Amino acid sequence: MGKPTGFLEYERRVADVTAPADRIKNFKEFHESLPTEEQRLQGARCMDCGVPFCQAGVMIAGMASGCPLNNLVPEINDLVYRGNLEQAYVRLSKTHSFPEFTSRVCPALCEAACTCGLHGEPVSTKENERAVIEYAFSHGLVSAGKPPVRTGKRVAVIGSGPAGLAAAQQLNSRGHQVTVYERSDRPGGLLRYGIPNMKLEKSVIDRRIALMEEAGITFICNVDVGKDITGKELTKQYDRVILACGASHPRDISVPGRDAKGIYFAVDFLKKVTKALLDSDFKKAPVELAKGKRVLVIGGGDTGNDCVGTAIRLGASSVVQLEMMPEAPTERMPGNPWPEWPKVKKTDYGQEEAIALFGQDPRQYQTTVTEFQKDKEGNVCLAKLVGLVPKKDEKTGRISMAPKEGTERELKVDLVLIAAGFLGAELYVTDSFGVKCNARTNVDTPSGSCKTNAERVFTAGDMHRGQSLVVWAIAEGRQAAKEVDESLMGYTNL
């Protein structure tokens, strides 16, 4: 695949990005594209490795290795190298519903498992994928895909995030009539309101939604299933129901002073910002939320980083980000060999911007909050912090982070954003359908299945597997669609 000696002849190269000082002035995407000829050379680096771990999508040591969608990565890279982007799109669309999303927000599990990365730099598969899908859109290759025949079967998909959209697209292609319910004012779920615009421009979502509507899928927004309409009503109206509501229950922090004003869940803050931008057609950013404020972000990961980048764009005077765990090494350790997911330090766009603007990394590792203090008006004004150290439980062998005496300190704050992750399903939804959840608050299903205990009700995405990646949500949506189709028709060709 690719050029046999390409990985020896060409260095890995990715597209340039707008400098932090310039990109923080707006909420636009800041990743550029490589020239076509240079992108072809990146495809040429895909070596004939024999066993393409990049497309395996397996769990190794509890972590994903390779693409969960099992994209035909070497074939696609080879077609990019040969300049046949039309056929590359055909190959990509066999396994993938929305390459335009993952090529922007996926951490590239394929690249982490690339054989070229064992002793050098991996193939830039993520950018190759983006080049393919954007070429396909610009050349009219991405069609609505109206099914030639309708089956007469009706399916309701609850939630319009990546899992729900993938399930809806697949089921519609089989001829089933699909209706997607979304409690927000616009479809997209996590893609719309959980990921900032500079990371995924909302026009990219609108472009895909328009095609899905043209294909015959119905979107009903501003309907909160479980409150505005019951599960019993929906199961009467539809032949099958797929619950794809995401892991939308944010983890809280239970410390004194938590009720102070100015403390928000990250997802609520990010949604508020994106909605204000969309409502004003990107003419007015809600700078009043953070301008001139000392911001504290609690939690690492993608959401914490997104909060850092968003607060900076809104004019924060300072940003500090707390992470409970120790700082990761800059290179793989012996106990974390390829092709496992590399547990190494990653400095993302928000942290890069904080370094450029404030002169230092915003992250403070092995640190947590023990208390918030309020001013006379009830606004948060100070956070009490403490350092943490790993502590092993002698009975269970589990390691947890425990407070370290003598490391207490204080930090003046005006705005606190809690990005401590998410729990599973919201109970008012599952209760409405009579669906059982497991001990981790995810919807309970038999191993390897998307079928719930409730008759004719299936599930997919973070609601099923817990907080995860967009690529996993798409994979789950496609799997749920396959199971639903088989249950409706007695067989499936999805």
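Colleague: Is the crossing of H4 and H5 left-handed or right-handed?

Modeller: The crossing of H4 and H5 is left-handed. Helices (H or I, at least four residues) and strands (E, at least two) are DSSP runs numbered from the N terminus.

Colleague: Before we go on, what kind of model is this, and what do the values use?

Modeller: The model is predicted, so local features require pLDDT of at least 70 and side-chain atom pairs count only at pLDDT 80 or more, whereas totals for chains, interfaces and linings use all residues. Residues are numbered from 1 along each chain as its sequence is written, and side-chain values use heavy atoms, with hydrogens and water left out.

Colleague: At what angle do helix H4 and helix H5 pack?

Modeller: Helix H4 (residues 73-81) and helix H5 (residues 85-95) pack at about 170°, and their axes are 8 Å apart. Axes are lines fitted to C-alpha atoms, for helices over the stretch in contact, with angles running from 0 to 180 degrees between N-to-C directions. H4 and H5 are therefore roughly antiparallel. That label applies over 145 degrees; under 35 counts as roughly parallel, 65 to 115 as roughly perpendicular, and the rest as oblique.

Colleague: Which residues meet there?

Modeller: From H4, Glu75, Ile76, Leu79 and Val80 meet Leu85, Gln87, Ala88, Arg91 and Leu92 of H5. By class, the residues of this contact of H4 with H5 are six nonpolar, one polar and two charged. Contact means heavy atoms within 4.5 Å. Ala, Val, Leu, Ile, Met, Phe, Trp, Tyr, Cys and Pro count as nonpolar, Asp, Glu, Lys and Arg as charged, and the others, Gly among them, as polar.

Colleague: And how far apart are the axes of H4 and helix H8?

Modeller: The axes of H4 and helix H8 (residues 125-138) are 10 Å apart, at an angle of about 65°. H4 passes H8 in a left-handed crossing. Val73, Ile76, Asn77 and Val80 of H4 meet Thr125, Asn128 and Val132 of H8. The contact of H4 with H8 has four nonpolar, three polar and no charged residues.

Colleague: Turning to charges, how many salt bridges are there?

Modeller: The search of the whole structure finds 32 salt bridges. Each is a side-chain nitrogen of Lys or Arg within 4 Å of a carboxyl oxygen of Asp or Glu. One of them joins Glu29 and Arg104, whose closest N and O atoms are 2.9 Å apart. Glu29 lies in the loop between helix H2 (20-23) and helix H3 (36-44) and Arg104 in helix H6 (residues 99-105), so the pair ties together parts 75 residues apart in sequence.

Colleague: Is Glu29 buried or exposed?

Modeller: Glu29 counts as buried because its relative accessibility is 19%, and Arg104 is buried at 12%. Buried means under 20% relative accessible area, exposed over 50%, and partly exposed in between (1.4 Å probe, protein chains only).

Colleague: Which salt bridge does Arg174 form?

Modeller: Arg174 meets Asp485 at 2.6 Å, N to O. Arg174 is in the loop between helix H9 (162-173) and strand E4 (177-181) and Asp485 is in helix H18 (residues 470-489), 311 residues apart. Both Arg174 and Asp485 are buried.

Colleague: What about Arg363?

Modeller: Arg363 forms a salt bridge with Asp361 (2.8 Å, N to O). Arg363 is buried at 9%, whereas Asp361 is partly exposed at 24%. Elsewhere, shared partners join Glu29, Arg104, Arg130, Glu134 and Arg207 into one network of salt bridges.

Colleague: On the backbone, where is there a cis peptide bond?

Modeller: A cis peptide bond joins Trp338 and Pro339, with omega about 5°. Pro339 lies in the loop between strand E10 (318-323) and helix H15 (349-358).

Colleague: What is phi of Asn222?

Modeller: Phi of Asn222 is near 60°, a positive value in a residue other than glycine. Asn222 is exposed, at 52%. Phi of Arg456 is also positive, near 65°, and Arg456 is partly exposed at 28%.

Conventions
Left-handed = near helix turned anticlockwise from the far one by under 90°.
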